[in-house]
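Here are a few exercises to work through with the model open beside you. Try each task before you read its solution.

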Amino acid sequence: MQDYQSLSHSRWDCKYHVVFIPKKRKKRIFGALRQHLGEIFRELAKQKESQIVEGHLMGDHVHMCISIPPKIAVSHVVGYIKGKSAIAIARHFGGRSRNFTGEVFWARGYFVSTVGLDEEIVRAYIRNQEDEDERYDQMKLGV
């Protein structure tokens, strides 16, 4: 039996596979920023009553499996995480104490898919994303 979470009038297990990219898909996620973003994402998800189950940061995109209660829209949680993390990046790594300039780190859109009963497959895909990208790049070199 699967472990379901509870609200006052519902039992639920809503997990989503979310992918989003930096502006113009530039390879900007590396070094200290990469280490810092994991903590930021977890804290921001917690503030929206959500939990990041699995996540992986690539140089040019972010993969995460996130559990979101049914009373909260996925778009609100993802928008909150992207917006607040962009402000945190500008403050911590951009040398700004405030974000008055409308600093944009993330591209506008995102990909989302429900996980359903294939959670382990999606989590393994997220964990092994870097290996898959390297394998794909090697295949392109042979052309």
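**Exercise 1.** Is Glu54 buried or exposed?

*Solution.* Before we start, a word on the ground rules. This is a predicted model, in which local features need pLDDT of at least 70 and side-chain atom pairs count only at pLDDT 80 or more, while totals for chains, interfaces and linings use all residues. Residues are numbered from 1 along each chain as its sequence is written, and side-chain values use heavy atoms, with hydrogens and water left out.

Step one is the cut-off: buried means under 20% relative accessible area, exposed over 50%, and partly exposed in between (1.4 Å probe, protein chains only). Step two is the value: Glu54 has a relative accessible area of 12%, so it is buried.

**Exercise 2.** Find the salt-bridge partner of Glu54, then trace the network around the pair.

*Solution.* Start with the criterion: a side-chain nitrogen of Lys or Arg within 4 Å of a carboxyl oxygen of Asp or Glu. Glu54 meets Arg127 this way, at 3.3 Å from N to O. Glu54 sits in strand β4 and Arg127 in helix α3 (residues 119-127), so their bridge ties together parts 73 residues apart in sequence. (Helices, H or I with at least four residues, and strands, E with at least two, are DSSP runs numbered from the N terminus.) Arg127 is partly exposed at 42%.

Next, look at Glu120 and Arg123, whose side chains form a salt bridge at 4.0 Å, N to O. Glu120 is exposed at 53% relative accessibility, whereas Arg123 is buried at 19%. Both lie in helix α3, three residues apart, or about one turn. Salt bridges with shared partners join Glu54, Glu120, Arg123 and Arg127 into one network. As for the spacing, an α-helix has 3.6 residues a turn, so residues three or four places apart point the same way.

**Exercise 3.** Which parts does the salt bridge between Lys71 and Glu49 tie together?

*Solution.* First the distance: the closest N and O atoms of Lys71 and Glu49 are 3.1 Å apart. Lys71 is in the loop between β5 (62-67) and α2 (74-93), and Glu49 is in the loop between α1 (31-47) and β4 (51-57), so the bridge links parts 22 residues apart in sequence. Lys71 is exposed at 53%, and Glu49 is partly exposed at 49%. In total, the structure holds six salt bridges.

**Exercise 4.** Check the length of α1, then say what its buried residues pack against.

*Solution.* The expected span is 1.5 Å times one less than the number of residues. Now pick out the buried residues: Leu33, Leu37, Gly38, Ile40, Phe41, Leu44 and Ala45. These pack against β3 (15-20), β4, β5 and α2, with contact meaning heavy atoms within 4.5 Å.

**Exercise 5.** Which classes of residue line the largest pocket?

*Solution.* Count the lining by class: two nonpolar, two polar and eight charged residues. Here Ala, Val, Leu, Ile, Met, Phe, Trp, Tyr, Cys and Pro count as nonpolar, Asp, Glu, Lys and Arg as charged, and the others, Gly among them, as polar. Among the lining residues are Arg25, Lys27, Asp60 and Glu134. Helix α4 (residues 129-141) gives the largest share, five residues.

How values were computed:
1 Å grid on protein atoms, 1.4 Å probe; cavity = no way out; pocket = protein on both sides within 12 Å on 5 of 7 lines; lining within 4 Å.
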